[in-house]
Amino acid sequence: IMAKHAVLSSGSKMWRSMSCSKSELRLDLTLACGQSFRWRETSEGHWTGVMGGRVWTLTQTDETLWYHVYNNQDKQKEGSDRKRRVGVSVLDKNTAEKRFRCAPEKEEDEPLAVSSVQNRELDEEMLRDYFQLDVRMGDLHKEWGAADCHFKHIAEVFKGVRMLRQDPTECLFSFICTSNNHISRIQGMVERLCQALGSPLCQLDQTSYHDFPTLSGLADSSIEARLRDLGFGYRARFIQQSAKQILDNHGPQWLEGLRSIPYLEARDALRTLPGVGTKVADCVCLMSLDKPEAVPVDTHVWQIAKRDYKYAANNGQKSITEKLNRDIGDFFRNLWGPYAGWAQSVLFCSDLKKFQSLKETAHLKQPVKEEEGEEEKMPCKKTKVKTECTGTAGNLKAKPACHKKAKISVKKEPVM
């Protein structure tokens, strides 16, 4: 029988759950805003993707995160040349994977293995780690909202956008694919990369799931031509050369090692790789290397800075120079503090075309609370947040909480 994607409504025995409110994590926003390119909505509110070498389906109710982990077909994963995310390295792969084949789960006889306490604890630990659930979004939103009225207004609608803590190899090579590209096309490229070069994990409803390729798999000299055939264009060379350079010059654990060095040092180390500019390096620092202060600046973020923050330094500039990149990053770091990259991702997400309907809905609800809105508007009108940017934007004019909805600029490359 063909294995199917799990759906919560078909019975919760196949599912595990952990406490997590939607204000702390919203799957639909976090998994579709251009951080990771491997999650798909496989039925309404259910997201299926690959994490830590296994296939997961996640869904949520108001206060609960539900997860289902599928059984891998392929047990020959010991050859992997990169450390698995927390949990998988500890998991006894043989026992777990022999018992878990990617097949329809029989509720009567399979929950034994699925719910063994040790596996359950490891799964939960992996989820906590991947979604960085120890970081309290509610507290951060209060801080950012107090410093920035525009953020406060947007964040009312976009609560629960979190930064993922991804596998550094997957994050780096996915983001090498992002140059001059848009989210749906990047998803297709990353998927083709995994199908062609990653170990098969399982098949659900005629969709094959593969692990992300290993560094040695990407470094092979035949890879460039293969990826060109798959439509990667000039990025094919960058992928092969970067993987080769990491293995030749640094070794397979180098990327994980960048987690323990300071942000600017890690960013500069990444920029020595072919195809890795400042923006891609910042994305990798923020989304996989534990550098929450990294603020990836692309034309989209530059637009947000100019449009919503009246950021006017280097006016008339046509492209993002190193200096502009640094200045805008410093501007937001001064405004939002050590988790500036997380705050930026909320605004970035709120500006994506696919999420505009959320703004419309919120906008329609507003007139009901008209009096409340007027009260909110008063203190915000006068707010000026002083920033100590390195000679850039002087005073930041925070907008009233009920400011007119800014014109949405749809960007060709909505990726971070």
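Biologist: Is I304 buried or exposed, and how is that read?

Modeller: Burial is read from relative accessible area, and under 20% counts as buried. In this predicted model, I304 has a relative accessibility of 4%, so it counts as buried. The residue belongs to helix 15, residues 299-309.

Biologist: What does I304 touch, leaving aside residues up to four places away in sequence?

Modeller: I304 touches Y309, L347, F348 and D351. I304 and Q344 are 40 residues apart in sequence, and their C-alpha atoms are 9.5 Å apart.

Biologist: How many residues of helix 17 are buried?

Modeller: Helix 17 is mostly covered, with 11 of its 11 residues buried. Among them are W342, Q344, L347 and F348.

Biologist: How is the packing of helix 16 and helix 17 described?

Modeller: Two packed helices are described by the angle between their axes and the distance between the axes. For helix 16 (residues 322-336) and helix 17 (residues 340-350), the angle is about 100° and the axes are 9 Å apart. Helix 16 is therefore roughly perpendicular to helix 17.

Biologist: Which residues meet where helix 16 and helix 17 pack?

Modeller: From helix 16 come F332, R333 and W336; from helix 17 come A340, A343, Q344 and L347. Sorted by class, this contact has 5 nonpolar, 1 polar and 1 charged residues.

Biologist: What are the angle and the axis distance for helix 7 and helix 14?

Modeller: Helix 7 (residues 168-176) packs on helix 14 (residues 278-288) at about 150°, with the axes 9 Å apart. Angles over 145 degrees count as roughly antiparallel, so helix 7 is roughly antiparallel to helix 14. The crossing of helix 7 past helix 14 is right-handed.

Biologist: Which residues of helix 7 and helix 14 meet?

Modeller: P168, C171, L172, F175 and I176 of helix 7 meet V280, C283, V284, M287 and S288 of helix 14. By class, the residues of this contact are 9 nonpolar, 1 polar and no charged.

Biologist: Where does H5 lie, and which side chains form polar contacts with the side chain of H5?

Modeller: H5 lies in the segment before strand 1 (16-19). A polar contact is a pair of N or O atoms within 3.5 Å. The side chain of H5 has one of 2.8 Å with the side chain of D205, and another of 2.7 Å with that of Y209. H5 also touches other residues, including T42, T48 and Y70. H5 counts as buried because its relative accessibility is 12%.

Biologist: Which residue in the loop between strand 6 and strand 7 is worth a look for its phi?

Modeller: Q206 is in that loop, between strand 6 (200-204) and strand 7 (207-210). Its phi is near 65°, a positive value in a residue other than glycine. Q206 is exposed, with a relative accessible area of 65%.

Biologist: What is the phi of D290, and where is D290 placed?

Modeller: D290 is not a glycine, yet its phi is positive, at about 60°. D290 is in the loop between helix 14 and helix 15. With a relative accessible area of 31%, D290 is partly exposed.

Technical notes. Residues numbered from 1 in each chain as written. Predicted model: local features only at pLDDT ≥ 70, side-chain atom pairs only at ≥ 80, totals over all residues. Heavy atoms only, no water. Axes fitted to C-alpha atoms, helices over the stretch in contact; angles between N-to-C directions. Helix = DSSP H or I, 4+ residues; strand = E, 2+ residues; numbered from the N terminus. Parallel < 35°, antiparallel > 145°, perpendicular 65-115°, else oblique. Contact = heavy atoms within 4.5 Å. Nonpolar A, V, L, I, M, F, W, Y, C, P; charged D, E, K, R; others polar. Buried < 20%, exposed > 50% of the residue type's maximum accessible area, 1.4 Å probe, protein only. Polar contact = N/O pair within 3.5 Å; in protein donor to acceptor, adjacent residues only side chain to side chain. Left-handed = near helix turned anticlockwise from the far one by under 90°.
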